[in-house]
Amino acid sequence: MQLRAYWGRLAEAIAQFLEDHRVLSFSFFSLFYFLGAFGAAVSKPFWFDELLSWYTARLPSFIDIWNALMEGIQPNPPISYFLIHISHWLFGTGELVTRLPFIIGFWLTLLLLFILVSRRFGSLMGYISILFLCLGVSYQYAFEARPYALVLAFCCSSLLCWQLAIEGRVRRLALVGLTLSLSAALFSHFNAILIFVPIMVGEAYRSLRSGKIDWPIWISMAFGAMTLIPLIPMLLGLRPFSEIFWSKPTKGNFYEAINWFYGDPILVCFLVGGCLIEFLIMGRSVTTQVKNKLAVWGLPSHELAVVIT
């Protein structure tokens, strides 16, 4: 019993410290993140897909890159190649420089995810969330010259802008941010169209519950989707190469992907342990401010619909 009380007080003290020193604690976390990501980027040789990104980005201009993508040279939209091109122009052409935009992109993912979660559940759960992301397979894309880190960042940015627009905080800016985030996600990877699905489900549920439609949010999403229009020729140019770039999906592929992402027992134990710490703190007599932020069931229902989707 005494040991349980001791761990409870320790967890409570950690939670309170993280609440009171968000900027300081995230700065320390960012320092270790960049040290680890830079070290991995420098020591890891380019692999095949990264070499394709490297050669595409080495074309003389943005127009040349765009025209090459229209010919089907790569199966992804242009933003990642543009960013590599800019990084090469500023700093050179090494492994770290080529991967730098994606290291920053993954850091932005962590920052935005931390803000999203901590706004509802407090800083401790925010750190549990971003550490879960870092311990999973997603982290390997933090230092890889491929667009996935950018898609994650724009996904979190879209969710945060949608959340702020609903709350009415800097609403106009949030609506513009929602459009730009969705557009940038589509310009990073075609599969980013899936980001629209949970936001649309959450917004549709909110409309049904309130009995009225928030047209500015739907219009912002529609403008974001219009980004696909200039990318249609690129998609059509990829059709002859579809058998080369992608394999046909099967049930076996789906189960393998689930096992690949969640098969690490350390990752699962970390998530379970983090949640137990969270509920332990919630059960103690913490300050009202912290307790309110840690109230898991205080999540708005439309945001819960997004999470489930």
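Tutor: Rings of Phe, Tyr and Trp (for Trp, its six-membered ring) pair if their centres lie within 6.5 Å, and the planes count as stacked under 30 degrees apart, edge-to-face over 60 and tilted for the rest. This is a predicted model, in which local features need pLDDT of at least 70 and side-chain atom pairs count only at pLDDT 80 or more, while totals for chains, interfaces and linings use all residues. Residues are numbered from 1 along each chain as its sequence is written, and side-chain values use heavy atoms, with hydrogens and water left out.

Student: How many aromatic pairs does this rule give?

Tutor: Applied to this model, the rule on ring centres gives a count of aromatic pairs. That count is 17.

Student: Which kind of aromatic pair do Phe 26 and Trp 107 form?

Tutor: The centres of Phe 26 and Trp 107 are 6.3 Å apart, with 55 degrees between the planes. Phe 26 lies in helix α2 (residues 22-43) and Trp 107 in helix α6 (residues 95-121), so the pair ties together parts 81 residues apart in sequence; helices here are DSSP runs of H or I with at least four residues, numbered from the N terminus. The pair is tilted.

Student: Is Phe 29 buried or exposed?

Tutor: Buried means under 20% relative accessible area, exposed over 50% and partly exposed in between, with a 1.4 Å probe and protein chains only. Phe 26 has a relative accessible area of 6% and is buried. Phe 29, like Tyr 127, is buried.

How values were computed
Helices (H or I, at least four residues) and strands (E, at least two) are DSSP runs, numbered from the N terminus.
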